[in-house]
Amino acid sequence: MSTNNLQSCKRKKFLHGHGRQSSSIDDLGLDILVYEILIRLPAKGVGRSKCVCKEWLSVLSTRHFAMMHCRHISTSYNQKFIAIDSRLCSVFPLSCEDSGPLLNSRILLPFEAPWNKVNILTSFEGLLCVCFRNTGKLVIWNPLTRAFKEVSSSNSRGLYKPKSDAIGLYVDKTNDYKLLHIKRRRGRMWVHVYSSMFDSWHKITFANKLRCWRGKPIWSNGTFCKGVLYFLVNCFIENKGVMLFGFNVDSERFRLKTFPRFPHAYYDGNLVVVHKELHVFVTHGLPNWTVDLWRMEGESWVKLWVFPRIQPPIILSCSITHITSTGRFLVVSNDGVANEIDTTKKGVDCFLPLVWFHGLQGTIYTETLSSPDFYFD
């Protein structure tokens, strides 16, 4: 008997003695299927999976699954750029391998406000915080599920004033999505927090001790990392440079944090989370601008990378957002001009203009099933 025939006989005897193992998907068990397979699908794939049967629809529609799914897919590889340029909203995949035009999908804005009065302020786990410039009202919106919720109240909480206020989206240890609103009026500051779980606002009383400095310092919107919502405050008129405040979301207390210091007369920063660690791009030095990348380690900062000098300074007045885990970043100027920055390359080769981005105003976000409401429909 040949070797192949002998092995075939042994296999048949084994299967006869132990029973042939079924490869049916039903044998996996619902828990393994949901939390090992379906949870790794893109958000749109989960939506299609809800049509398989009533049991899948029930499990995949729970808040618990939505939160677990969000933690799995909230990586830089799933990020997209969303821009409001008409009544329809454009969504671009973030792929910087090719600087040519990219195919985009279109989303109908669900708001009654004029599209040219809608500003996207920030994004977090698939949720966008949107401001209506004509009314000042704030809205939390998931572009994928099209769900949105107006969070402004009749007592003026949640009414946003551009260039004066700051906001931050985050989630606390109870998985309650919250919105922090810093309101500055006539030299004073108030802080309120909105809870999606309870659909209500409450005031952070201690924060009133943080007076606004003269000269109207500029507050960035919040960047959430490891239970802390970080804000950069530019107050050079008071010769205080850039200050970094951290809002602990559990204790609901602000604390002044350390920030890299420079001998130059002017410097500025952009916060970004990379691999779940807080980083900052710091622009400093006149007349030749220099940009450094720093990472927070404990209560101190470590310099990681220095941008090559380039004229004109495309980094100035830009928002810098992390895209991939391979060292690439997206720099979008205030007038919509974008460049890719590849930290794995040297000199001017690290800058790649992105023609398809030109003139677009928007933000980077990840498609998730997160809901602006605590309970799903």
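Colleague: Hi! In the hairpin of strand 15 and strand 16, which residue takes a positive phi?
Modeller: That's E252, with a phi near 55 degrees. Keep in mind as we go that this is a predicted model.

Colleague: Thanks! How many residues sit between the strands of that hairpin?
Modeller: There are four residues between them.

Colleague: And do the two strands pair in the parallel or the antiparallel sense?
Modeller: Antiparallel, over five bridges. Strand 15 covers residues 242–248, and strand 16 covers residues 253–257.

Colleague: Which residue in strand 16 is the bridge partner of F247?
Modeller: F254 is the partner of F247 there.

Colleague: Let's change topic. Where does Q79 lie?
Modeller: Q79 is in strand 1, which spans residues 79–84.

Colleague: Is Q79 buried or exposed, and why?
Modeller: Q79 counts as buried because its relative accessibility is 17%, and buried means under 20%.

Colleague: What separation do the C-alpha atoms of Q79 and P93 have?
Modeller: They are separated by 7.1 Å, with the two residues 14 apart along the chain.

Colleague: Now the whole chain. How many helices and strands are there?
Modeller: The chain has five helices and 25 strands. It has 377 residues, and 49% of them are buried.

Colleague: What about its accessible surface?
Modeller: That comes to about 19800 Å², and carbon and sulfur atoms account for 54% of it.

Colleague: Last one: of the contacts between residues at least 6 apart in sequence, what share join residues at least 24 apart?
Modeller: For this chain, that share is 46%.

Notes:
Residues numbered from 1 in each chain as written. Predicted model: local features only at pLDDT ≥ 70, side-chain atom pairs only at ≥ 80, totals over all residues. Heavy atoms only, no water. Pairing = 2+ DSSP bridges. Buried < 20%, exposed > 50% of the residue type's maximum accessible area, 1.4 Å probe, protein only. Contact = heavy atoms within 4.5 Å. Areas by Shrake-Rupley, 256 points an atom, 1.4 Å probe, with all protein chains shown as cover.
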